[in-house]
Every structure is written in structure tokens, then in C-alpha cells.
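Dear colleague,

I am passing on the structure below, and my notes on what was found in it follow directly after.

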Amino acid sequence: MPSSSSPSSSPSGTAPLSIITHPVFALHRTPMGHPERVDRIRHVWSVLDDDFADLERLDAEKATSDAIARVHGPRYMDFIAAQEPADDATLIPLDPDTHMSAHSYEAGLRAAGGAMQCVDQVMTGKAERAFL
């Protein structure tokens, strides 16, 4: 994962772009050939490290249960949490396109939390744009 680094400043004094990510994103496994595979995020991180090392990187925070409850009910969240396999070798299909691996639940919470961080970064003027 790209390491944290100091942001370049834009003329307005804010970072031109904040990158929000987390190492757990590379632990959410999918079946061979799936477009959302681990190699994809690792390639993005490599390009960021090689060509955009001066951009601000922030760790994606986990979305709180209250934040998730604005969109999903507690029964749904309990169901999703219960589907996560205990070992790294198992994939549980939720539907033809969605699979759970041992770190998928945390990756999902951090993706939701990171999306909220992106909005906060831009709306508070800390960054002009944000990418998750």
C-alpha cells in the first residue's frame, strides 16, 4: 500500500487530491477472473507510489454502525457479518457477482467509511478532490 506522504499544495493551500485506502482492501479476495481482484488494487498502489508519491494518503476509517444503519438495517448487517468465512481459503458467494472472503467485512466497512472521508475531505476544504 502506498505510504503516507505530505500533500502538494494547490494555490488555495489545500491538497489537490487525497487518496484514501487501506491494506485490508488487498485482502478482500474474489474468484479468478473477477474484475475486482487483488491484483487490480495492488497495481493502482504501485502506480501511485511510482508516479504520484507526493499525493496525500489517508487510511480509510471503518464506517460506524450508525452510519451503516442509515442505509442498511441491522438484520442485513448481521447477515453479512455472519457470511464472512473464518479462513483465507474460503470464498462465500452472496450472489453471482459478490463474494465474501476472510477480510471482506472489514474491507466493506472501510470502503464505506473511506467514502465518507472523501466527502469530508472535499467539503471541509482539506482537499480539492478525493479518491478511494
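Asp49 sits in helix H1 (residues 38-51), where helices (H or I, at least four residues) and strands (E, at least two) are DSSP runs numbered from the N terminus. With a relative accessible area of 35%, Asp49 is partly exposed, the term for values between buried (under 20%) and exposed (over 50%), taken with a 1.4 Å probe and protein chains only. From C-alpha to C-alpha, Asp49 lies 14 Å from Ser18 in space, and the two are 31 residues apart in sequence.

Please bear in mind that this is a predicted model, in which local features need pLDDT of at least 70 and side-chain atom pairs count only at pLDDT 80 or more, whereas totals for chains, interfaces and linings use all residues. Residues are numbered from 1 along each chain as its sequence is written, and side-chain values use heavy atoms, with hydrogens and water left out.

Ser18 has Ala130 of S5 as its bridge partner, and strand S1 (residues 18-21) pairs with S5 in the parallel sense over two bridges, pairing being assigned if DSSP finds at least two bridges between two strands. Helix H4 (residues 104-123) packs on the sheet and touches S1, S2 and S5, contact meaning heavy atoms within 4.5 Å. The direction of H4 makes about 165 degrees with that of S1, where axes are lines fitted to C-alpha atoms, for helices over the stretch in contact, and angles run from 0 to 180 degrees between N-to-C directions. The sheet itself is open, with three strands in the order S2-S1-S5 and parallel pairing.

Finally, Phe79 lies in helix H3 (residues 74-83) and counts as partly exposed because its relative accessibility is 43%.

Best regards
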